[in-house]
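This report describes the fold of a single chain, from its overall composition to selected local details. The sequence and the model are shown first.

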Amino acid sequence: MKKLYTLICLFLIFVLFGCPPPKARKKMPRIFALSNTLETGLEPSFLITDDFNRDEILDLVVANSGGHSFSFYKGIGDGTFNEQLVYKTGRDPICLVSGDFNDDGYKDIAELNYADQTIQVFLNTRLGSFQKTSQIIKPGKIPLNMISGDFNGDGNLDMAVTMRYFQVVIIMGKGNGFFKQPVTINVNGQPTGIVIGDYNKDKNIDIAVGLAGSGNTGVQILWGQGNGEFENSKVFKGGKQPLTVVNIDVNNDGYLDIVTSSNSLHALTTLVNNKDKTFTSLQDFASGNFPKFVVAADFTGDGFEDIAVSNSTDDQISVSLGKGDGTFTYPPIFHRVDQHPQGMAIGDFNGDGLIDIATSCRDKNLIDILTKKNMINPKPNRITQDTSK
């Protein structure tokens, strides 16, 4: 009764003073539809997409952490994929990268094993399959994440690996699918996520590293010198416990900015590139609970890059639309998926010219494919639960 009396009083105040009552926040319609699911191995996690057979159709690869394997799916081009081909790996694979490691024009796969603390390279046979090399790469103690790029300008792809104890390891490629001994670079915190880009436009590849744990947290840039050597930046504020680091041009100035996700703090942080080898950290913002992985693309076609986040405990993907000034819309647009979404990959999976999302769902051993609603492939390939509530 007391609550009703309060509401009536507030309404009378609004009317008497000419103030309209506050409007309820409009719920944004979903922009993706769950159109397809793929069975995986046990506990799928890290997910990548690339065109491995050069048919101009994207394929998918997912690390099955609990199954000590990865699954390869050849894309058909209509948003569906062939059945998985499973390849055994070391124990607990947690990261994948694609690249032409033997310079034959076909993309290969490198996978990082957390429990074994090893990296193994699987070369593309050009016949729709992969063959593991004989080399077992040992980057060091407790590797967490990795990325590939040509760091010394010799035309051969190299790898960079984040290590638990204040180190990033650089592993130079020989161009034949094999790699040299790791070289260690010390950083000023406990590195987690890693991404490459030319942040100062000197035409050399730089490395952005998320730093979490105790001590310094944020993002540190390793400025590439073009010869395989790097110069450390200071640590830029970039979230209190950044897990994922993703490139994005948030203000359309042509320079790469960065967004990080802090999983345990339910927050994301934007670092705006100042174009002088420094970054400015904006206020933390929310995009769902427990943000795990983040991807960036212009999902709406308005010329501004947006972000999608896997919210692992909420069983959903949240999409925050970029405003072009470094900030994003709130609340996010939530899309229900299967249990415990983890890794994400983005690309045009159904050939309609629009960006789609794939996410690995750990607790159901599935990959969910989310495509644009009401486009070429609007009909789902299975009956799904009603997510409109």
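## Basis and overall composition

A residue is termed buried when its relative accessible area is under 20%, exposed when it is over 50%, and partly exposed in between (1.4 Å probe, protein chains only). By this criterion, 52% of the 389 residues in the chain are buried. The model is predicted: local features need pLDDT of at least 70 and side-chain atom pairs count only at pLDDT 80 or more, whereas totals for chains, interfaces and linings use all residues. Residues are numbered from 1 along each chain as its sequence is written, and side-chain values use heavy atoms, with hydrogens and water left out.

Among contacts (heavy atoms within 4.5 Å) with a separation of 6 or more, 43% join residues 24 or more positions apart.

## An open four-stranded sheet

Strands of a sheet pair through backbone hydrogen bonds, either parallel or antiparallel. Here, four strands in the order E18-E19-E20-E21 form an open, antiparallel sheet, where pairing requires at least two DSSP bridges between two strands. Strands E18 (242-248) and E21 (279-281) are the edges, each pairing on one side only. From one strand to the next, the twist averages 25°, based on axes fitted to C-alpha atoms, for helices over the stretch in contact, with angles from 0 to 180 degrees between N-to-C directions.

Within this sheet, strand E19 (residues 257-262) and strand E20 (residues 267-273) run antiparallel and are joined by five bridges. Thr-260 stands opposite Thr-269 in E20.

## Nonpolar cores

A nonpolar core is a set of buried Ala, Val, Leu, Ile, Met, Phe, Trp, Tyr and Cys residues joined through side-chain atoms within 4.5 Å. The largest has 28 residues, and Ile-119, Met-146 and Met-159 have the most contacts inside it. Strand E8 (residues 118-124) contributes its largest share, four residues.

Beyond four places in sequence, the residues touched by Met-146 include Cys-95, Val-97, Leu-112, Ile-119, Met-159 and Ile-194. A second, separate core of 16 residues includes Phe-32, Val-295, Leu-321 and Val-337.

## The setting of Ser-233

Ser-233 lies in strand E17 (residues 230-236) and counts as buried because its relative accessibility is 9%. A polar atom of the Ser-233 side chain lies 2.9 Å from the backbone nitrogen of Ile-221. Leaving aside neighbours within four places in sequence, Ser-233 is in contact with Asn-188, Gln-220, Ile-221 and Trp-223.

Key:
Helix = DSSP H or I, 4+ residues; strand = E, 2+ residues; numbered from the N terminus. Polar contact = N/O pair within 3.5 Å; in protein donor to acceptor, adjacent residues only side chain to side chain.
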